[in-house]
Structure formats: structure tokens, C-alpha cells
Amino acid sequence: MKKMPAFSLPWRRRSKNPSQMESSATQFYATWDAVARFAQEIRASDFMAEMIRRRDAYGSEGVMGALDCATLYGLTRWLRPAVVVESGGFIGMSSAFILKALADEELTKAKLYSIEWSEECEHGALIPEELRSASGGFVPMRGKVEDLLKRDQLPRCIDMFLHDSSHSYRHMLWEFRQFWPRLRDGGLLVSHDVQMNAAFPEFVAKTYAHDKKTGRRDAKRTSHYEWGRWGYIGFAIKKVSR
Ligand SMILES: C[S@@+](CC[C@H](N)C(=O)[O-])C[C@H]1O[C@@H](n2cnc3c(N)ncnc32)[C@H](O)[C@@H]1O
């Protein structure tokens, strides 16, 4: 049996016949379809109902809403990452949906490094026990993103980064610039609360290169494959130029 690599480009992995790939303009139709399908599945699930019950019992202030959790789950399942880093872990609503996606894809070796600065919050408290302990996939890291990066305590090569810490324009842009180079080809930059300022659209705009004649995206020199926004989640799929 052919062994599935720990991480491979999802649109290549899921295509049964690579010679019949869609044109580059519609290459990602299947991505949107898959993410929407996974998101729909989790929204209607008992897991979602249980997480909302836990969140409401704990107090929902500052945690990710149901629509965005579903999108995050869909993106994670579609990507099948081995290494995920999230900033702003807090009580773990977003973490729970990432871990659930990893479990549903049977990625038993995958790791979620969850960064939380506040000593006051119970980091990851909402995460169901079976997801937290299943494979040791949840790795809580107490500290400021800035300090952990300075001390070189975070993985240098990652498949997915979720921003959900401080939502100031400066900090968001700073995190995108710090973690984008660590993402591998086909890796996902995900941000929560992209509506709060112009950081996400500005960052994405800078990844474009344009063809002089047509004024359209020059796919070869552009450093993303696709990007989008759903609810308050923004995402960009990184492309490494060869
Ligand atoms: C919006 S909440 C995160 C919600 C969480 N993702 C969830 O869905 O449950 C933001 C969190 O980011 C943390 N935070 C803010 N700035 C940070 C920084 N520079 N480094 C690490 N954590 C930070 C805050 O302490 C807060 O708990």
C-alpha cells in the first residue's frame, strides 16, 4: 500500500487523476467545496453542541464563535497538517476544533503548539479530555509570542499558523510576517478577526505579483496559491517560488 506522507499538498493528494487537473483559475474549487463540506458536517455534530454547552457554561467572552470554529475545523481537515501553531490559545475553543479535525483525520502524530500569555486563564480548559490526551497532540506554551520567538522555542517549519492573540493592526501584521516564512509550500496562514483592521488584506496584497501586460496575477511570482475570508476567519495558502 502506498504510504501517505505526513504532509502533502491537499489539492494534489485528493486529485485521482493529476493529468486531468482543472485550469489554474479553478484549481481550488475543490478546496472551497471540501472546506464547506467539513464545516457543515461539524456544525451539525454533537461535538459542536457539546462545545457550545461548555463555552456557555464557562463564559463565552473572547472565544471563537461557532461559524469560525467550523471554518477552522474545515480548513484543518482539508490541510491535514502535522505541525500547527496558534497564538492566543486562551481557554481552548479554537484549539478544541483544531484537535478534533486532527483526530477525525487520524493524524495521531500531529502537534498543536498553543501559545497563551495570560497566567490568569486556564489554558485549554474547554478541550475535551479525550482530545487533549489522545496522542499528546496538545502542547500548551505559556508566554508571549514575542518572547517564545526570541528564545527560539517554536518550531521553525510549520504547516499551519492560526493568529488569535492581540488584534491590533501592528501585532497582527507582525505575527503574519513572523510566521509566514516558517510555513512550508502549501501551508496555511489563518487569522481570526480579520475584520478588526487592515492587517490581513494588506498582508495578502503584498503576496501578489502582477503581469505587466494583463494586470492580472502573475501566478509564477505570486507567493500564495489561494486566499479567502469566511465570517471572521481569513486564510492564505502559501506558495514557495521555485
Ligand atoms: C481572543 S483570545 C483567544 C481565544 C481562543 N483562541 C479561543 O478560541 O478560545 C486572545 C488571547 O490572546 C492572548 N494574547 C494576547 N496577546 C498575546 C501575546 N502577545 N502572546 C501570547 N498570547 C497573547 C490573550 O491573553 C488572550 O487570552
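Okay, let's start at the ligand: 21 residues surround it, and the closest are Met 64, Gly 88, Met 93, Ser 94 and Trp 117. Keep in mind that this is a predicted model.

So what kinds of residues make up that shell? Nine are nonpolar, eight are polar and four are charged. As for where they come from, helix H5 (93-104), strand E2 (111-116) and helix H7 (145-150) each give at least two residues to the shell.

Which of its residues are buried? Those are Met 172, Glu 175, Phe 176 and Phe 179. They sit on the same side of H8, because together they span an arc of only 100° around the axis. Here's the general idea: an α-helix has 3.6 residues a turn, so residues three or four places apart point the same way.

And what do those buried residues of H8 pack against? Strand E1 (83-87), H7, strand E4 (158-163), strand E5 (183-192) and helix H9 (199-206). You'll remember H7 from the ligand shell.

Asp 152, in the loop between H7 and E4, has a positive phi of about 55° even though it isn't a glycine. Asp 193 also isn't a glycine and has a positive phi of about 55°; you'll find Asp 193 in the loop between E5 and H9.

Are they buried or exposed? Asp 152 counts as exposed because it has 7 C-beta neighbours inside 10 Å. Asp 193 has 19 inside 10 Å, so Asp 193 counts as partly exposed.

Note on methods: Residues are numbered from 1 along each chain as its sequence is written. This is a predicted model: local features need pLDDT of at least 70, side-chain atom pairs count only at pLDDT 80 or more; totals for chains, interfaces and linings use all residues. A residue is near a molecule or strand if its C-beta atom, placed from the backbone, lies within 6 Å of it. Helices (H or I, at least four residues) and strands (E, at least two) are DSSP runs, numbered from the N terminus. Ala, Val, Leu, Ile, Met, Phe, Trp, Tyr, Cys and Pro count as nonpolar, Asp, Glu, Lys and Arg as charged, and the others, Gly among them, as polar. A residue is buried if 20 or more other C-beta atoms lie within 10 Å of its own, exposed if 12 or fewer, and partly exposed in between; C-beta atoms are placed from the backbone. The arc is that of the directions from the helix axis to the C-beta atoms. Two residues are in contact if their C-beta atoms, placed from the backbone, lie within 7 Å.
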